[in-house]
Amino acid sequence: MLEPAVNGTKNVIMAAAEAKVRRVVFTSSIGTVYMDPNRSPDVVVDESCWSDLEFCKNTKNWYCYGKTVAEQDAWDVAKKNGVDLVVVNPVLVLGPLLQPTVNASIVHILKYLTGSAKTYANSVQAYVHVRDVALAHILVFETPSASGRYICAERMLHRGEVVEILAKFFPEYPIPTKCSDEKNPRKQPYKFTNQKIKDLGIEFTQ
């Protein structure tokens with residue numbers, strides 16, 4: 001997971017530098033932003049935040065580790081080669097699929113509809129519509145003043161809220177009603193801001 005993320009990113013930035021492209025828009029991830037156990041719950045997560053690499057390694061979260069290293073390398077290579085780089089950091093992306101197969105993001109929801117998940121996790125997740133992510137890329141590319149990183153997120157939901165929404169729209173499906181962790185308090189969402197991307201004119205799908 002690490003090698004293709006890091007080397008692939010470097011190769012693209014170097015190719016962009018050689019081709020003298022006007023701007024590179026790099027799709028990163030919220031995984032490069034919020035994985036920090038030392039962050040206070042009162043801190044609002046914004047584009048200045050970075051995931052803690054040691055924490056990602058210690059918890060074997062190789063997705064967030066690889067994404068963070070890849071984005072940091074992208075900034076380094078872009079700076080050294082004079083590439084105008086702008087980064088979009090989407091949260092979990094949902095919406096219509098281009099391909100006929102189900103991807104990991106859709107499985108996150110589908111498992112509650114198929115009955116394969118008998119309970120829901122005591123955890124939170126931020127979500128965004130795929131068309132909003134596409135629009136965010138266009139906006140940061142076409143807006144001359146766009147720079148730096150842009151968190152692309154619409155809202156945060158507890159898994160319990162997710163299954164409640166699904167049950168409302170699909171009452172005929174075997175959607176779980178029990179949490180897998182009933183001993184501990186309900187997990188609270190972290191605070192984040194999407195104001196920077198909103199300032200470019202995006203109106204998120206709700």
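User: Is the crossing of α1 and α3 right-handed or left-handed?
Analyst: The crossing of α1 and α3 is right-handed. A crossing is left-handed if the near helix is turned anticlockwise from the far one by less than a right angle, and right-handed if clockwise. Keep in mind that this is a predicted model, where local features need pLDDT of at least 70, side-chain atom pairs count only at pLDDT 80 or more, and totals for chains, interfaces and linings use all residues. Residues are numbered from 1 along each chain as its sequence is written, and side-chain values use heavy atoms, with hydrogens and water left out.

User: Where are α1 and α3, and at what angle do they pack?
Analyst: Helix α1 covers residues 2-19 and helix α3 covers residues 62-81; they pack at an angle of about 20 degrees, with axes 9 Å apart. That makes α1 roughly parallel to α3. Angles under 35 degrees count as roughly parallel, over 145 as roughly antiparallel, 65 to 115 as roughly perpendicular and the rest as oblique. The axes are lines fitted to C-alpha atoms, for helices over the stretch in contact, and angles run from 0 to 180 degrees between N-to-C directions. Helices (H or I, at least four residues) and strands (E, at least two) are DSSP runs, numbered from the N terminus.

User: Which residues make that contact?
Analyst: From α1, they include Leu2, Ala5, Ile13 and Met14, and from α3, Tyr65, Val69, Asp73 and Asn81 are among them. Contact here means heavy atoms within 4.5 Å. By class, the contact of α1 with α3 has 12 nonpolar, 3 polar and 2 charged residues. Ala, Val, Leu, Ile, Met, Phe, Trp, Tyr, Cys and Pro count as nonpolar, Asp, Glu, Lys and Arg as charged, and the others, Gly among them, as polar.

User: OK, and how do α4 and α6 pack?
Analyst: Helix α4 (residues 104-114) and helix α6 (residues 159-169) pack at about 60 degrees, with their axes 11 Å apart. The two are therefore oblique to each other, and their crossing is right-handed. On the α4 side the contact uses His108, Ile109, Tyr112 and Leu113, and on the α6 side Arg159, Val162, Val163 and Leu166. Sorted by class, that gives 6 nonpolar, 1 polar and 1 charged residues.

User: Switching topic: how many disulfides are there?
Analyst: The count comes to 0 disulfides, a disulfide being a pair of cysteine sulfur atoms within 2.5 Å. For cysteine 56, the nearest cysteine sulfur is that of cysteine 64, 5.2 Å away.

User: Now the loops. What is phi of lysine 20, and where does that residue lie?
Analyst: Phi is near 55 degrees, a positive value in a residue other than glycine. Lysine 20 lies in the loop between α1 and β1 (24-27), and is exposed at 71%.

User: And what about lysine 60?
Analyst: Phi of lysine 60 is also positive, near 55 degrees. You'll find lysine 60 in the loop between α2 (53-58) and α3, exposed at 61% relative accessibility.

Note on methods: Buried < 20%, exposed > 50% of the residue type's maximum accessible area, 1.4 Å probe, protein only.
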